[in-house]
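Dear colleague,

Please find below the structure that I am handing over to you. My notes on what was found in it follow directly after.

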Amino acid sequence: MATIKKFMYVNRKAPYGTVYALESLEVVLIGAAFDQDVSLAFVDDGVYQIMKGQDTSGIEVKNFSPIYSALGDYEVTKLYVEKESMEERGLTLDDLMPLVYEDEDDDWAEKDSITVVSRAEMAELLEQQDVLFNF
Amino acid sequence: MSTLHTVNKSPFEKNSMSSCLSHSVADSAILMIEDGVYGAIKNTSIAGDIDSAVKEKSIYVLGPDLKARGLNEDQLIDGISVVDYAGFVELVCANDKVQNWL
């Protein structure tokens, strides 16, 4: 059996202003096919990616925010959001999309995918990974 | 001579917003567009700088860019006006020149 590695995708850019956020999502979805231990980190402006209520009809750009809600179906269920990054931007958990997944090991109970962590905890999470993907 | 300043970068990633604020004179017009709209939100770490700027300059934010990013008018710092694309054009026409803080 192949060794399972811990993969973390580190998201630090706002959506729409650059293509990083969308590219990260695409790589996450491709990577989901490889049965690794995947997690996503949202740090700095990356926290803006999962804001609720995004409506791009006025700027003629595709709204890719609904894809975050589908990540649970690809067994991407660990989304870590940094508390300090939210606070610096005047945001709380209520400003983010309520992202959930169904836990197959717990009778398909619906659980939150988002975990809010401190900057120090984020540093530890980064340290624990085998592979980091940076966007 | 009047100048319209535009800022299209997040104030948390680049110093475009702070450069704009420190290089614009009283009565200037400043328009936040694209990722610059994140500067218009209350309770951020830079809200104090924007609050002071609102007192002597006219600060605008582009509505469609706010909406795209899941932001709404209730979250804006008091004194900032929302404009649409037609309002953007009017600001360009009403000023003699444009300085884009990229």
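Predicted model: local features only at pLDDT ≥ 70, side-chain atom pairs only at ≥ 80, totals over all residues.

A residue is called buried if 20 or more other C-beta atoms, placed from the backbone, lie within 10 Å of its own. In a regular strand the side chains alternate between the two faces of the sheet. Helices (H or I, at least four residues) and strands (E, at least two) are DSSP runs, numbered from the N terminus.

S2(B) pairs with two strands, where pairing requires that DSSP finds at least two bridges between them. Strand S1 (residues 3–7) of chain B runs parallel to S2(B) and is joined to it by four bridges; here B:His5 stands opposite B:Ile30. From S1(B) the chain passes through helix H1 (residues 16–22) of chain B to S2(B) in a right-handed β-α-β crossover. Right-handed means that, with the strands pointing away from the viewer, the path from the first strand over the helix to the second runs clockwise.

Strand S3 (residues 58–62) of chain B is also parallel to S2(B), with four bridges between them, and B:Tyr60 in S3(B) is the bridge partner of B:Leu31. S2(B), helix H2 (residues 47–56) of chain B and S3(B) form a right-handed β-α-β unit.

**Where the chains meet**

How many residues of chain B are in contact with chain A? There are 18, and they touch 18 residues of chain A; contact means that the C-beta atoms of two residues lie within 7 Å. Helix H3 (residues 63–68) of chain B supplies the largest share of chain B's side, four residues.

**Chain A**

Chain A has four helices and seven strands, in the order β-α-β-α-β-α-β-β-β-α-β along the sequence. Buried residues account for 33% of its 135 residues. Among contacts in chain A between residues at least 6 apart in sequence, 77% join residues at least 24 apart.

**Confidence and conventions**

The predictor gives the complex an ipTM of 0.91 and a pTM of 0.94. Residues are numbered from 1 along each chain as its sequence is written, while chains are lettered from A and ligands numbered from 1 in the order in which they are written. Local features need pLDDT of at least 70 and side-chain atom pairs count only at pLDDT 80 or more, whereas totals for chains, interfaces and linings use all residues; pLDDT is the predictor's confidence in each residue, from 0 to 100.

With kind regards

Key. Buried ≥ 20, exposed ≤ 12 C-beta atoms within 10 Å, placed from the backbone.
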